[in-house]
Structure formats: C-alpha cells, structure tokens
Amino acid sequence: MQPGKKMGGQRKCASLCSVAFRRQRSMLPDRRLLIAALVCSAGLLWTGLPTRAQAPAPPAKTLDRDHQAKLDADQLVADGKYLEAAAAYENILKNFPGSPFGPEAMLRAGAAYVSAGKFEQGLAIYQNVVADKKSTPEIVQIAGGLVPQALVAKAVQLKEPERSKVLNEALKAFDLHLAKYPTGEEMESTLYAKGMALFQVARYADAGGVLLSIMRSFPNSPTVADSQYLLALINATVAAESAKKPGGEKTSAAQFAEAERLLREILSRRPNLALANDTQFQIGELLFSRASGTADPARRTAGFSRAIEAYRSVIPKDQLLAQQQQWVASLTAGVSLPQQDPAVLKARKRQLDREQGKLAEIKQRPDQAVMARIRSGQVFSLLGKHDESRVLLSHLEQAGSLTEPDQQKLVQYYIARSYAAQKLAAKAEEKYQAFQTAHKADPIAQDLPLLLAGIFLSEDPKLKDPVKAEEYLKQAKEMYPGGAMGDAATLMQAQVWMQEKKYDDALKVLNEALAKSPSVDAEFFRATLYAQTGKTAEAIAGYKKVRTTYPGLPQAEQAHFQVAQLLGAKEPKAAISEFQSFVAKFPESTLLPAALFEVGKMQKASGQKDAALATFKSLATQYPKSAPAPFTYFERAKILNDNQQLDECAAVLRELVANYQDNAPLAYQAYDFIGQIHTSRKKNEEAIAAYEEFAGKFSQAPQAAEALLKQSTLWKAAAEGIGTYVTLGESQRAEWRSHLDKSAAAAERVLEKYPESPFVALALKNLLAIQRLEQSLKLKTPTAVEKFFTDLATKYGGKPATKTKIAFTHAAFTFEQDKAKAFAQMSATYDKAQKFAPDDLDLYGLALIDAKKFDEAIAVYEKLALDYPLPASGKAPRDIQEAQAISLFGLGKALQEKGDKEGGAKKFAELETLYPWSTKMLEVQYGIALDLHDKKEDDKAETRLRDVIKSPLANAELRAKSMLLLGRIFEDTKRYAEAIDNYVKISVFYEGIDRIAAEGLWRGAQLLERQASGEIPMPTPVPKPTAPPKPAGTPPPKPDAVPPKK
C-alpha cells in the first residue's frame, strides 16, 4: 500500500506520521525460505532413495555390522546431524564394500550432504552414480532424478543472477530426466521438485500445471497433499501480486479464496501432523496478506481477526515433536513385523524414511507457534491495538521463547513501534535506541526514525520538539539512503521547517523532491503548505493539479475537497459548486457528510438560508451516524434563531435530543441553547425548566452539575430582576426571597449530588454571593453566615475535596472582615489538586502577593489558567474568559511586585489585548501606569490613572493606590501643589484604607515642610478677578451667579 493512501475526516493534509506508519509488508513467507525448507524436507531428498524390501542372507556377522552401521547413520539423519550422517554412509561403502546396503548408503550420503548445504559434494555423488557403469538402472534413475532436486536446493541459497542461472539449469535437468524416465516410482517426487523450481523462477502457471498433474495422476499417494499445499501457496503468491496492480482486487480475491480452499481441504483430510501444522500457519499467513491489502476497514478487521484464529491453532514445537516421534516409533514397529509382503515392506520403509526426515526437519527449524504469536502481535499492531501487541510480544521476549535472531529482531521492532505509535516518547526512544544498538540500520526498521520524528512533530506542547524531529529525520537519511521511506522523510522534513516557520526551506525541499521524482504526496503537501501560508491561489492550483494528475487516488479525492473548502472563505457560491461536484463525483466518499455540511455553511453564508436548512436536514437524515450530523441541528437552530423563529428553533433542538439520546454532551448543548432562547425572551422560569429537564434525564452525566448551576444562577437573576429588596412591597419581597432560596437550593444540590464535580467551586461562589447579599440587607448577621459555612463544611466532612473548597469559600467571606485570618484559613486549606472558583483563587493569590510570596502566587495564577482552559477551537464562554483574565492579571501583578516589571507589563499588555472588557483591566491600568512611570512616560501614565480614579467599578483600595501614584507623578514632575492636593485628598477620601491614607498624609506633610523650608517653591497665589464697575440700572447678581471670566 502506498504511503498516504488512507485519509480521514476533514483533515487538511495527510498525517505525515501515518505516512510512515501505514507501510505494509507482504505477510506470506519469503518464497526462497519456503522452498529451502521444502527442498531440505524428507519428501524430496529421502523418499526417492532405494530401500531393501528383503535382505539376502550373507553371513550373520557381516550383515549385523553393516546393517547396524546403516541404522546408526539413519539415526544421525533423524537427529539432524547431516554431515556426520554423510560420513557414516561413506564409511559403509569403505568398510563394507560388498554390503547390499551400499547403493542405498551412497545415495543417502549425497542426500545428507545436500541437506547440510554441501551441495557440490552431494551433486558429485549423484553424478558419479549416474556415470558409473556398474550402477544398476534403478540406482541411475534415482540418482538422475536427485540431481535437479539438489540444484534447486543449491539455487535457493544463492543471490541473483546466479540463483536464476542454477534454477534454469535444474529445469533443463528435470526435463531431460523426465523425458528419459516418463514412468517410475519416483515420478511424483521429481515432478514435485520441478514444480518448486518453476515456482522459484516465477513461472507460476507452469508450476501450477505440474502440481495439478501430480494431483490427478497420484490421487491416492500419501504425499499428494504436499503438492496441493504448494499449489495453494502459488495461488496465494499470485493473488498478492495481482492485488498490487490497478484494478486487481477482484482477481486477487478469487485467487486468495482458491488458495484458502486448497489449504482447508488439506486439513479436512487429516494429513500428517507436520503438514497440518504448516497448513494451519499458512492459512494465517494467507488471511494476513489478504487483509493487509484490503482498503475496506470492516473487511480488513474481519480478515485480521480470522488470521489470529488461524495462528492460535498452530501447535508448539514440543507438542509437534512429541507426536511426530510417536508416529515414527509406530512406523518403525510396523517395519519390524516378520514375514511381510516385499512390496508392502518397501512401501512402509519409504514412509518411515519420509517421516524420519520430517522429524529431523521439525527438530531443526524454529518453533512455528512462536512465529504465529509474533504474527498475531503484528496483526494487533496493524489494527492499532498497540497495548495488546506489546503485551503479547513482551511475553514472548520475557519467556525466552525467541530462539532465532530474526524473531528477536521482529519482536524488538514491533515493541518499539507500538510505543512510537502511541506517542509514548520516553519508552519509544528507549526501545528505538536498543533496536539500533542490536540491529544498526536494519531495513525492517526504516519507518522507526520517522515514527519518532512524528512524535515530536505533534501539536501537543508536551511533545512538540522540531529539533528532535529533525535529528530523527537526519538518522533516517543516514541509515537508509534511498530507502522506501525516503518520500515520507522528505515530507516530514518539510513539516519540521513549517513548524519552525522556515517556509522557504520547506517549499525548497518539496520543489526539489518533485523535480527529482514527482509524487502525489509531495504535490499534495506543497499545496497544503501554500494553504497554510495564506497563498490561497497557489494552494487551489496545487490541489487542482493533484486531482487532475492523480485521478483515482485518495489524495485526488481529498484535493477536490480542499479546493472547495479554500474557495469557501472568499467565494461561497463557487465553493458550493465545487462541493456539489465533489458529492456527485465521490458518492461513496467518507468525506461526503463533511462536504454536505460545508455546502450548508456556504449556503448560509451566502444568504441562502432555506437551502441551507434543507441541506442540513438532508445530511442528518441520510448520514445520521456521521460526525457532522449532530451539528446540523445546531446550524439549523442558529438560522431559525437569527430569523426569530424561536419556537421552531427549540423544536429542532429537542429533535436532536431525541435522535441522540445516548450522547449527554450533545443533549446538554441542545438544552443550553433552549435555555438561552428562553433567557433572551426574559422567560427565566422556562429556561430553568429546560435545565431541570436535562438534570433529570441525564442525572449521571457530568453536565448535570452544570445544569443545576445554571438554575442557581438564573434563580438569583430572577430575584434581582424583581427589584431592589428594600424598595419592594411585602408580596414582592416574599417572591424575591423564594427565588433566592431556590437559587441556594440548586447550588446546594450541586454539592449534594456531584461533590466531586468541578462545578462545586462555582456553586459555592453562588452560595457566597447569596449569603453576602442577605447580610448586606440585614437578613442575616455575619455570625449566621459564618455558621452557614461551618455547618456546610461539617456536612461534607467525609468528602475532603468538597470540604476543602467550602473552607476556601468561607475564607473568602472572612477576607472582608479580617484579611490575616482569611489568609491563614486559605493557606491551611489550599490544595492545588482541587478546582476552586476564580474569584477565590484571585483573593488567595493577591494575599500571597501582599505577603511577598511571589512564586507561590505565580503558581496559583498558573493553576487558575489550567483549571479553566480555553477550548481548542471556538470562542470560550464568558466565565472561562474572565478566569483567564484574572490569571493574566495575577501573573502580571506578581511579576511586577517581584521586580520583573517588564515581565509584568507583558502580561498586562496581553490582558489588555485579549480581554479589554474585564474588570481586571482597571487594575491592569494601574499596573501599566506604574510601568510607564518607571519609564518616565508620565503623560501616558497620568491618563490611565485618571480613568481608574473616575471609574465606578474600581474598588476603594485601587482608587486610593491610583491617587497615590498620581501624586508621586506630580511630585516627580515638580507639580508640587497638585501633588500635595492629591496626597491630602487620599487621607480624606480613603481614610478606611489605612496604609495608603497614612502614606498619602505623610507624603503631603513632607512636601509642605519642604515648601516651608524653601527647598521647593511655594505656589504662586492666583489673584481673584476684580468685578467690573456696575453700569447704572444693572440689577444685582443672583447669589449663585459666577463672575464672568476676564
């Protein structure tokens, strides 16, 4: 599968990390290794050797010795000690020149050499037998058939072009032998070996024809299942190659199905144990290969699941070995039976030879069950089940089951890959380094450095590290120059430079890649780069080139979508046309719902509201389970709301709730929208009813606590909407108190039902506001309020987190009467793991600043920003924005008080830019003025301070501080009279702010003393204007008249 072929959702460009991650491998075994195993198996090298049906009757002593020597040599073969066996057979020829076992020993010596990989020695023996005029015709025929088989075994170990040269030599030898001996007992094994040779030179049709002829000619042969097995593998290989060709999916599906049928038919005939186990494993391989090349997610998952089932049926080596040993023992006993028919005895001996050869093969080869488990781990990895993959493979590693270096390498690779795919950076790096230490630059791991680079190209700020990403890309280029992952590395390098805003470098590397070797991924990514850098025209042209040049590829489909989306910003009508074209051209696309959603948005933007309503409704009806479907209801609701069709709007939202009953977050958004509609119509009680309905229907949802909080806030607003309590009549006062009681009850329900909810802090904020309001109206005494919070804390004594928040809120109330006591309470109860109301944290942060605990204050304000995070997209609710504003203010103030005035000024500037409406801006104005004064920009500072002093929203302490700073500015600019006037006014207007009032009085007195001593000039008196002479007849002025100015 080509990198980047799968796409997802509405993403703007293919994930580069997944370009590396989706690389597929052929899961069928390497053909050369497969044939090597088969060539070295008993069925080819041993079953054609001559056996004595009945020994002649030489002297017993001589017979016993050569017979025993032959049996000893046979045992060495059974133990897989082929070179020792070859020497033992040759010793029979040397030590017992007249032995009747001599011809058999000679050919067995050749077979042992070939099995040991000493092909030249084995071939020499066979060729000598054929050339020796003393050899019997039977021996010559057998040896002649073994020559091409040995050549096939030799070819498997060679590299091209020698490999093909030897295979073609073997095929010529097969043809000559079969022409010379068209019949005979060894015809089946010779044809089988020829079929394998044809398979090796990729002459699949010819190989299949040979195997089919075996199956027709020898239907009852005990080894015919081997031919059917090889035919199945040929079909699977052809299917895998067909799948790679354009439009080859249907053909490959039929070939895969035929291969599976042949394999399962073998199992149904209950073949020998070794073949049954091989067959079970190959069914797994076939299903694995077929699923890997399937684009359809459902079929792919189903295929992988079937593959795992097949792999689980593969039995371990020790079980297989034990069963094969029992079978060989049984056959040995059968051969030893007295007075057997010579033909029967010969057949039994041939079968025993074959099964002994298989026993030797089982002993030598790796445990197939281990390989099956490794394959299962690979399946889990390709399914994205990385935890399952890692657990399975780690178990094999820890259990010591991996006896082969290739197995160990595969397992290490997939474990490292699992961590990288899950973006577990530390473990991924650790396992990657371990792999490279053990298997430096091994081709299997070409994608690992790219996966590591992908981790550090993440948008997650905890992972994002372009420098590290670039280092891993550098390793990929150095270790795998010209490797299969080269294109992906180029694209990822461009992404690194884009993150570092090196757009020219990114564009340059893409242009160079395209000039060297045009590819759909590079073209697509270059268009994406243009889009992200605001070059919309170039981006559109690039995407159009992709869809024109590479029709039929997934990138072309996505490029068509991107063209329409880019046009939407400036040309909604053109975008609608493009999206409609997309819908018509790709009716089965997974992007179709997204395209229809965009059409609806464009129709809405271009004023086609009725068309938009119809499009959104159609999308939700046709694709109810698609990602955009639920949001079409909100889009319809917004249009109806804008049209003031409020009843219809609420009906659409209730339709959403009915259709997505299992989705509490969506339902809450709908009810919240309904609540806002009622609130906008000043129908607070209907809004409250909507929130209550949600809290009742979705009582287990986290949003239920927020719904109760909204009720509390609305009941409080309803009370305040009646009017000022002291001006109300008795009946209105009763209604006012009822609403306030309901507000308190709703807030307390948040604590009662959802004590661990993050909305507890805000519910407590409402309760504090209610208690303060009642106290201010003399409906409660401070003592009663204190008791209220003390009783509440006692009630939730078993809920430490809730109790902590209550105590913190209680301290906020105490703050007004006794700051020191409140600060002590807050310090004792503060728990950074809990979420508190923003106002409460602000009080605590300010108290920490007053106590000169600046670092602790900074930590509190940073926590506040984290507790009330801005959403990744869309506008944040007002309360979240206010929390962020408080955080910025507190950080600025703490930094400024700590001495980092520049850092504080930056935070204040950020607050002024983002949240100019915040009440904290008044305090920011003071902070900025302080910074401006330090920079000698007193004119600007003075303007800001006068705004704060005049604002009715500024508290008394802030106004007093502003007047004090303004006085200092006057003093520093030698406007002493204004400075004295300002200082004295502070002591008069803000005598309750003890510290500031005292400082103002002291500074004013200091200036007056300096005036009296002559250190600074006295103010020059301004003479009063003299009234002009009264003309005759002028009436006297009124008492409040102002004399005209001169």
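Reader: In which hand does α10 pass α11?

Author: In this predicted model, helix α10 covers residues 187-200 and helix α11 covers residues 204-217. Two packed helices are described by the angle between their axes and the distance between the axes. Here the axes come within 8 Å and cross at roughly 160°. The crossing of α10 past α11 is left-handed.

Reader: Is α10 roughly parallel or roughly antiparallel to α11?

Author: The axes of α10 and α11 cross at roughly 160°. Angles over 145 degrees count as roughly antiparallel, so α10 is, relative to α11, roughly antiparallel.

Reader: How many nonpolar residues does the contact of α10 with α11 have?

Author: On the α10 side the contact is made by Glu-188, Leu-191, Tyr-192, Gly-195, Leu-198 and Phe-199. The α11 side brings Tyr-204, Asp-206, Ala-207, Val-210, Leu-211 and Ile-214. By class, two residues are charged, one is polar, and the nonpolar ones number nine.

Reader: What is the phi of Ala-202, and is the residue buried or partly exposed?

Author: Ala-202 is placed in the loop between α10 and α11. Although Ala-202 is not a glycine, its phi is positive, at about 65°.

Reader: Where does Ala-441 lie, and what is its phi?

Author: The loop between α21 (425-438) and α22 (448-456) holds Ala-441. Its relative accessibility is 27%, and Ala-441 therefore counts as partly exposed. Ala-441 is a residue other than glycine with a positive phi, near 60°.

Reader: Why does Thr-802 count as buried, and which residues is it in contact with?

Author: Thr-802 is found in helix α40, residues 800-814. Buried means under 20% relative accessible area, and Thr-802 is buried because its value is 0%. Leaving aside neighbours within four places in sequence, the contacts of Thr-802 are Leu-751, Pro-755, Val-760 and Tyr-796.

Reader: How far apart do the C-alpha centres of domain 2 and domain 3 lie?

Author: The domain assignment of the protein chain gives domain 1 as 29-51 + 66-219. Domain 2 spans 367-422 and domain 3 spans 837-917. Between the C-alpha centres of domain 2 and domain 3 the distance is 49 Å.

Note on methods. Residues are numbered from 1 along each chain as its sequence is written. This is a predicted model: local features need pLDDT of at least 70, side-chain atom pairs count only at pLDDT 80 or more; totals for chains, interfaces and linings use all residues. Side-chain values use heavy atoms; hydrogens and water are left out. Domain bounds come from an automatic or database domain assignment. Helices (H or I, at least four residues) and strands (E, at least two) are DSSP runs, numbered from the N terminus. Buried means under 20% relative accessible area, exposed over 50%, partly exposed in between (1.4 Å probe, protein chains only). Contact means heavy atoms within 4.5 Å. Axes are lines fitted to C-alpha atoms, for helices over the stretch in contact, and angles run from 0 to 180 degrees between N-to-C directions. Angles under 35 degrees count as roughly parallel, over 145 as roughly antiparallel, 65 to 115 as roughly perpendicular and the rest as oblique. A crossing is left-handed if the near helix is turned anticlockwise from the far one by less than a right angle, and right-handed if clockwise. Ala, Val, Leu, Ile, Met, Phe, Trp, Tyr, Cys and Pro count as nonpolar, Asp, Glu, Lys and Arg as charged, and the others, Gly among them, as polar.
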